[in-house]
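Here's a quick tour of a single-chain model, written for someone who likes to know the cut-offs. Have a look at the structure first, then read on.

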Amino acid sequence: MTLGQDFLPNRVGTASDVTLGLAVSVGGLTSPLVGAVAEATTLRTALACLIAFPVLAWLLARTLREPAPEPV
């Protein structure tokens, strides 16, 4: 959330809302998929698939550039 606020320093509330909204939306969209995998296989397999999400998030975060510093 702080990184989003750094990218939009004049719109801190908007950055927070977008960050939180996207996190909740992605969670809501992926939970039925995890449930389907759990019903087709086992709960352990479905939860093991979730290990890929932090790795994917880390790889995507590496592509972000550092936000410009605020003018003094």
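Let's start with exposure: a residue is buried under 20% relative accessible area, exposed over 50%, and partly exposed in between (1.4 Å probe, protein chains only). With 45% relative accessibility, Leu56 therefore counts as partly exposed; this leucine is found in helix α4.

A word on ground rules. This is a predicted model, where local features need pLDDT of at least 70, side-chain atom pairs count only at pLDDT 80 or more, and totals for chains, interfaces and linings use all residues. Residues are numbered from 1 along each chain as its sequence is written, and side-chain values use heavy atoms, with hydrogens and water left out. Helices here are DSSP runs (H or I, at least four residues), numbered from the N terminus.

How far can you trust it? pLDDT is the predictor's confidence in each residue, from 0 to 100. The chain averages 85, and 90% of the residues score at least 70. Helix α1 (residues 2-7) has the lowest confidence, at a mean of 70, while helix α3 (residues 43-49) has the highest, at 92. Where pLDDT is low, the predicted coordinates should not be read in detail.

| Residue | Relative accessible area | C-alpha separation |
|---|---|---|
| Val18 | 46%, partly exposed | 17 Å to Leu60 |
| Leu29 | 63%, exposed | 29 Å to Pro67 |

Finally, the surface. Leu43, Leu47, Leu50, Phe53, Leu56 and Leu60 make a nonpolar patch of about 560 Å². The elements giving two or more residues to this patch are α3 and α4 (52-62), and α4 gives the most, with three. Patch members have over 30% relative accessible area and no salt bridge, with nonpolar side chains (Val, Leu, Ile, Met, Phe, Trp, Tyr) joined within 5 Å. A salt bridge puts a side-chain nitrogen of Lys or Arg within 4 Å of a carboxyl oxygen of Asp or Glu.

Technical notes: Patches are made of residues with over 30% relative accessible area and no salt bridge: like charges are joined within 9 Å, nonpolar side chains (Val, Leu, Ile, Met, Phe, Trp, Tyr) within 5 Å. Accessible areas come from the Shrake-Rupley method with a 1.4 Å probe; for residues, only the protein chains shown count as cover.
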